Amino acid sequence: MIDKNYAHPEVLVSTEWVAEHLADPCLRLVESNEDILLYDTGHIQGAVHIDWRSDLQDQMIRDYITPEKFASLCERHGISNDTTVVFYGDKSNWWACYALWAFRLFGHTKVMVMDGGREKWVAEGRHLTRAVPHFQSGTYLPATHRKDDEIRAFFDQTLTHSKENKPLIDVRSPGEFRGELTHMPEYPQEGVLRGGHIPGAASVPWKMAVNDDATFKSAEDLRRIYEQEAGLRPGDDVIAYCRIGERSSHTWFVLTYLLGYKNVRNYDGSWTEWGNRVGAPIERN
Amino acid sequence: MESQYPEPLTRIICLFEGLSDAEKRESLISYADSASKQAPRSGETFDLEDIRKDEECTDTVGVYLKISPTRACTFRITLGPQVQTLTKAMTSILCKGLDGASPEQILDIPADFVPKIVGADLVRQRSQTVYYILTRMKSASRVWLNRERAATHH
């Protein structure tokens with residue numbers, strides 16, 4: 001476990017800890033990446049691959065899969081309701097945090113993140129394998145409903161939040177926040193009509209929360225960034241957003257687990273919905 | 001109907017079209033593994049070198065173009081470490097598939113072969129840089145043709 005004075009140090013484990021627990025039958029390692037073929041090029045021994053789009057999202061509606069399909073996904077990967085799932089991946093754990101957030105949507109509480117993600121594991125010269133593990137099927141009782149009302153925000157809720165001047169955190173790059181870019185730096189255009197941000201949002205790019213080696217900053221540093229500089233206060237009702245909800249799930253993880261905020265929601269519709277939505281107000285500054 | 005693609009690329013497309021999704025992934029990984037072999041080799045010289053970091057790609061890409069007296073192109077490519085696996089695979093595929101094509105042929109190649117090779121499921125949001133290498137090769141060919149045209153007029 002890693003303890004940099006985090007509110008929930010039990011959710012963050014080091015690469016060394018993971019290396020020592022590869023054979024633990026109560027754990028399942030899940031790799032989740034932006035690079036769709038990265039897992040196939042090599043992964044941590046025993047890790048299964050869960051794809052943010054094909055596994056977790058409904059392919060015909062812009063939404064997540066049903067609790068029944070989620071239970072089936074888990075069982076295929078040998079995950080039961082009481083399995084502790086350790087997430088890691090590329091891009092400083094963007095997609096690992098997104099997958100973790102989705103697991104929490106379905107009520108799975110035993111979740112962890114490997115600090116530093118895939119980059120740190122590789123940088124340390126640790127072993128990767130191309131062997132895909134096969135586990136005995138898990139036993140997963142589906143949740144009665146997704147926890148959309150607890151950790152997920154929709155357009156109407158976010159609009160109300162904005163109108164009531166409640167805390168909104170825009171985790172995109174400064175250029176996207178100011179409306180100068182309609183795509184992420186280093187990425188092609190992803191189909192957004194307008195640049196800008198949700199009225200009243202504070203700009204705190206997700207990257208502020210990580211060190212150069214992709215590990216999370218200490219709680220003291222995080223409090224300085226989110227509380228002293230961005231003005232959040234413990235107990236605030238916060239909504240975070242980005243373009244499609246992956247970078248903001250990283251910030252959701254930071255606020256929820258590392259700083260201990262109890263009311264944080266991820267607006268996964270994010271700018272690809274807000275920026276295109278008829279009637280949605282924006283700010284540019 | 002005559003193929004719109006150079007012969008080596010047509011052969012690669014036909015090979016991929018006959019593969020299952022799992023076999024496609026394996027082949028793409030194999031091509032990605034050989035991406036580093038597409039870099040310039042010791043002693044090679046080029047007619048055009050274009051090394052840059054663009055906004056729409058995650059890392060620096062270097063394109064090196066050599067054109068023979070018979071107008072046959074040879075490409076060499078260098079990739080930064082942050083480039084996605086699919087983009088690495090497409091680098092190897094294009095260096096092999098476009099080898100010997102003329103600059104005019106390269107400019108005329110439609111990008112619709114990409115889903116045929118990669119499969120529609122893998123061409124999606126956040127994997128669009130799979131098209132980037134072809135764009136850069138076309139850009140290098142266009143620059144070379146413009147230089148040739150300018151030299152002719154002088």
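Colleague: Which domains does the domain assignment of chain A give?

Modeller: This is a predicted model, and for chain A the assignment gives domain 1, covering 9-145, and domain 2, covering 152-274. The C-alpha centres of domain 1 and domain 2 of chain A lie 23 Å apart.

Colleague: How many residues of domain 1 of chain A are in contact with domain 2 of chain A, and which elements give two or more residues to that side?

Modeller: In chain A, 19 residues of domain 1 are in contact with 15 residues of domain 2. On the side of domain 1 of chain A that touches domain 2, the elements giving two or more residues are α4 (94-105) and α5 (117-123) of chain A, and the largest share, seven residues, comes from α4(A). Sorted by class, that side of domain 1 of chain A has twelve nonpolar, four polar and three charged residues. As general background, the size of an interface is often given as the accessible area lost when the parts come together.

Colleague: Which residues touch the most other members of the largest nonpolar core?

Modeller: That core has 72 residues, and those that touch the most other members are A:Val30, A:Val86, A:Phe87, A:Ala99, A:Leu100, A:Val113 and A:Ala240. The largest share of this core, eleven residues, comes from α4(A). Domain 1 (9-145) and domain 2 (152-274) of chain A both give residues to the core, so it lies between them. Apart from this there is a second, separate core of 43 residues, which includes B:Leu28, B:Tyr31, B:Val114 and B:Leu122.

Colleague: What does A:Val113 touch, once residues up to four places away in sequence are not counted?

Modeller: A:Val113 touches A:Val11, A:Leu12, A:Phe87, A:Tyr88, A:Asn93, A:Ala96, A:Cys97, A:Leu100 and A:Phe253.

Colleague: How many helices and strands does chain A have, and how does its radius of gyration compare with the globule rule?

Modeller: Chain A has eleven helices and nine strands. Its radius of gyration is 18 Å, close to the 19 Å that the globule rule gives for 285 residues, so chain A is as compact as a globular protein of that length. The C-alpha trace of chain A spans about 50 × 40 × 35 Å along its principal axes, and 45% of the 285 residues of chain A count as buried. Of the contacts in chain A with a separation of 6 or more, 74% are between residues 24 or more positions apart.

Colleague: Where is A:Asn263 found, and why does it count as partly exposed?

Modeller: A:Asn263 is found in strand β9 (residues 263-267) of chain A, and it counts as partly exposed because it has 15 C-beta neighbours inside 10 Å. Leaving aside neighbours within four places in sequence, A:Asn263 is in contact with A:Asp236, A:Asp237 and A:Val238.

Terms used:
Residues are numbered from 1 along each chain as its sequence is written. Chains are lettered from A and ligands numbered from 1 in the order in which they are written. This is a predicted model: local features need pLDDT of at least 70, side-chain atom pairs count only at pLDDT 80 or more; totals for chains, interfaces and linings use all residues. Domain bounds come from an automatic or database domain assignment. Two residues are in contact if their C-beta atoms, placed from the backbone, lie within 7 Å. Helices (H or I, at least four residues) and strands (E, at least two) are DSSP runs, numbered from the N terminus. Ala, Val, Leu, Ile, Met, Phe, Trp, Tyr, Cys and Pro count as nonpolar, Asp, Glu, Lys and Arg as charged, and the others, Gly among them, as polar. A nonpolar core is a set of buried Ala, Val, Leu, Ile, Met, Phe, Trp, Tyr and Cys residues joined through C-beta atoms within 7 Å. A residue is buried if 20 or more other C-beta atoms lie within 10 Å of its own, exposed if 12 or fewer, and partly exposed in between; C-beta atoms are placed from the backbone. The radius of gyration is taken over C-alpha atoms; the globule rule is 2.2 Å times the number of residues to the power 0.38.
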